Amino acid sequence: MPEGVKKESNQKFPSELFDLLTGNNELELQDVDILLDELQLLFQPGMMAASPRVAALKAAAKPTSLLDAPFSLPIQKYPGQVAEVTLGATKKDGGSRGKTITIGGEKSPAFYTFENPTPNPPVVSFDVFDSKTALPRSVRNELGDTYQDPVSWAKFVVDKLGADMVTLHLVSIDPLNPKPATPAEAARTVEDVLQAVDVPLVVGGCGDPEKDLAVFEKVTAACEGERLLISTITLDMDIEKSAKLVEKYGHVALAFSSMDLNQARELNRRLLEHLPKESIIMDTTTAALGYGLDYAFSIMERARISGLLGDPELQQPMSSGTTNAWAAREAWKKLDPQWGDKNLRGPMWEVVTGLTLLLAGVDIFMMLHPAAVKTLRNVIKRLTTKSGTFDTDKIANWVSSTL
Amino acid sequence: MTDNQKGGLKQLSPIDVYSLLPKTNCKECGEDNCMAFATKLVNREVNLEKCTPLKDAKYKKNYAKLVEMLKPAVKEVTIGVGDKAVKIGGKLVMYRHELTYTNPTAIAIDVTDEMSDEEISSRVKYTQDFSYIYIGNNLQLQMIAVRSTSNDADKFKAAVKKVAEQTDLPLILCSYDAAIVESGLMAIPKARPLLYAATKDNWKEMAELALMYKCPLVVSAPNDISLLRSLVKTMIAYGVEDVVLDPGTFANAGLGETINNFTMIRRAACSLGDELLALPTLGTPITAWTEPAKNATLTTWKETQIAAMLINRYADALIIHATEGWSLLPLTVLRQNIYTDPRKPVAVKAEMVEIGTPDENSPVLITSNFALTYYTVAQDIESSGNSVYLIVVDSEGTAIDAGVAGRKMTAETIADAIKESGVEEKVKHRKLIIPGKAARLSGEIEDLSKWDVMVGPQDSSGIAKLLQDKWK
């Protein structure tokens, strides 16, 4: 087949046909003479219906049955693999949890299941705060009175909402509070929550590097062997000391960096000096939909692909503080009625933020709104279990159905 | 990557491009030399047409090679005509961090030929008037999909006519019956709508229509990429060039396969140079409505979910049924996010912003002009209920810590920004709150600006607390 019709040959054609032929690179034109013969045949009187003649012209050289074009899966091999990390420990492993949860282990980008199955489904952890926190009304509506204290809040999300994990945020320890909780008090709260629920736990600090470390020192020791996820270890902390606490008392470190892959690498590298790769999860920062989600998404997607391509400093499972979605005013603010009920818009903001990062490769989500959590869990289940058979005809029906 | 991989963008080097340019260093393109032009071509920052010497007959071969070399991995297809015509596809890369995604996912809202006139009008109006201003961008919807539920050619024609009378937005004509689609086309013979869809059963008739009316055509093969390729190959042999791929959208069972199909198609196009799949894709979240949930809200919820996933995973156009702000606002914001240029740090204007109703006693704070920092800080102040003057310093679009470390945000730039803002005429005091991450500049700022500096929190979420405790 020639690359295209040469202009010189085309000049013989009536100009209206020229228009129709140019730009058509795939025409079967072994020999222009043949085509001219065909044209003469086609242009007999009576066959010249207004525009269909054009189609007829093409049809002369056109396939009469479907051409075969089998597809083979575009599979790629990656030299790297994401580490597998287990959270929580049961009695036999020195903890008290009813179950453990393992994440990570990917050999392909997120949900490229044509390449490799997803080894461990990503997990969603419910946020629980240890003291009064400003929550969006649409979230409060779902939680009832339970959010007044961390124990009843944690019990509610586990017993009533079936939470797989709970993230206990120790915001009460913040030195900026009028009466910040002491490390010992904070450790007691963690123990109380461990007593109340039997799912694996994430324990979060307040963001003050010194106070957090002081609290982690108490918490890691008091909860020895529970494989808590200690959230977070940052570059401005005493990394060696933090890592050694995590290692000594059998926990997992959450390495937090602020949207900078080099920072993420450095932090992982320094933690890996003291911890096995099975004890580190990384968080490269989650920004809300509309408020930097694009950065968060691309940093995570790059981190994951770099890890799979062999960068040993980016092969940790990823965590997302998806609750940050609520920082977007569109999530909680009453807007003009055309933008809908904020009780739907808010959780959907969290869902869209979460789904986007799910596709970037996040393994553990920390989330707030029960409906958003449920949605993420449902989607994860759909993406990680075989669909079995499904009805393609039914899908095709959308065209002609009254929906 | 496999052996039959074609030169994807990553493999394309400025040298490859340079070797085909005239190498005259004539500067007619506006660049200093041909190498600089070649680099910009590879980064898609300039158009090849800017090279005038290349138009010379002696470079004909080189020109053709360059066009081929710089061709996007995914073909660009235009739907509609005139100002509102929509371009889809034209993607250069698989991952957005490699290079910017072109042509944001076009969103169509459906109407049917059995809806009342009022309903059609209100849905068309909704689609046409949809507008949300977000960081200076107007988020909009792009197309109307007209479906034939009546299976009556005349009714369909009337509906298409009605819609076309009310809007210039491009249309998608949806029916598997070519006679019905043709009847719709007769109402708008020159409007170049997207035709939905050619299948294994009707491909010949649909191909005829696409040729006759010069329209782009969707080929549809739910969850069957081999059939999809076969349809594409046949369409191309038939002479239909502007083909759009519909691998099926399954919102429930089959969701995993849907994500896989879109991903495989894009990978085949971008990494393997599979010409038959190097075409724009159409997602149909509307299929969520064929298996409705308990109520319309839940079905809309599901439709939004799958639409969000497909905006991330390579859909170049979407057909959506629900016209709910709580669904379409997050979707259009997501699309805006995903299609921004990842290479440019997003910066906001460096200026003084008044939050609330500040007066002569109100606090004065500074922040950087990195959009993410600015919006977070402004948001935190706003939600705290305080009225303040916020001076946005030009940090060249970097965050505070990076700006301070990289000397893009210095005591000098801050002192200058204070002076230029005119804040000294607005407030009686001389007390400046700076970000915790700029703490080490405090002494120098005091020296240069003669303002007292109060170091704020590390994170702007602490501003409310700071103002409550320390501002008086």
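In chain B of this predicted model, eight strands form an open sheet in the order β10-β9-β8-β7-β6-β3-β12-β11, and their pairing is parallel. The edges of this sheet are β10 (243-246) and β11 (282-283) of chain B, each of which has a single partner strand, so one side of each is left without a neighbour in the sheet. Strands of a sheet pair through backbone hydrogen bonds, in either a parallel or an antiparallel sense.

- Strand β14 (residues 364-368) of chain B is joined by two bridges to strand β16 (residues 431-434) of chain B, the two running parallel, and B:Val364 has B:Leu432 in β16(B) as its bridge partner.
- Strand β16(B) pairs in the parallel sense with strand β17 (residues 452-455) of chain B over four bridges, and here B:Ile434 stands opposite B:Val455 of β17(B).
- Together with helix α16 (residues 442-449) of chain B, the strands β16(B) and β17(B) make a β-α-β unit that is right-handed.

**Chain B as a whole**

- Chain B holds 17 helices and 17 strands, and its C-alpha atoms fill a box of roughly 80 × 65 × 40 Å when this is taken along the principal axes.
- Of the 472 residues in chain B, 54% are buried.
- When contacts in chain B between residues at least 6 apart in sequence are considered, 64% of them join residues that are at least 24 apart.

**A loop residue, B:Ala293**

- B:Ala293 lies in the loop between β11 and α10 (296-312) of chain B, and, with 16 other C-beta atoms within 10 Å, this residue is partly exposed, because that count falls between the limits of 12 or fewer for exposed and 20 or more for buried.
- Apart from its neighbours within four places in sequence, B:Ala293 is in contact with B:Leu298, B:Thr299 and B:Lys302.
- B:Leu195 is 98 residues from B:Ala293 along the chain, and the C-alpha atoms of these two residues are separated by 29 Å.

- Strand β3 (residues 123-129) of chain A pairs with β4(A) in the parallel sense over five bridges, with A:Val166 of β4(A) as the bridge partner of A:Phe126.
- Strands β4(A) and β5(A) likewise pair in the parallel sense, over four bridges, and A:Thr167 stands opposite A:Val202 of β5(A); the chain passes from β4(A) through α7(A) to β5(A) in a right-handed β-α-β crossover.

**Helix α8 of chain A**

- Helix α8 (residues 209-222) of chain A has 14 residues, which at 1.5 Å a residue should span 20 Å, and this agrees with the 20 Å between its end C-alpha atoms.
- Its buried residues are A:Lys211, A:Asp212, A:Val215, A:Phe216, A:Val219 and A:Thr220, and the buried residues of α8(A) pack against α7 (183-196), β5 (201-204), β6 (229-233) and α9 (239-248) of chain A.

**The contact between chains A and B**

- Chain A gives 70 residues to the contact and chain B gives 82 residues.
- On the side of chain A that touches chain B, at least two residues each come from α4 (52-60), α11 (293-308), α12 (329-332), α13 (342-360), α14 (370-384) and α15 (392-396) of chain A, and the largest share, nine residues, comes from α13(A).
- By class, this side of chain A has 38 nonpolar, 19 polar and 13 charged residues.

Conventions. Residues numbered from 1 in each chain as written. Chains lettered and ligands numbered in written order. Predicted model: local features only at pLDDT ≥ 70, side-chain atom pairs only at ≥ 80, totals over all residues. Contact = placed C-beta atoms within 7 Å. Nonpolar A, V, L, I, M, F, W, Y, C, P; charged D, E, K, R; others polar. Pairing = 2+ DSSP bridges. Right-handed = clockwise from strand over helix to strand, strands pointing away. Expected span 1.5 Å × (residues − 1).
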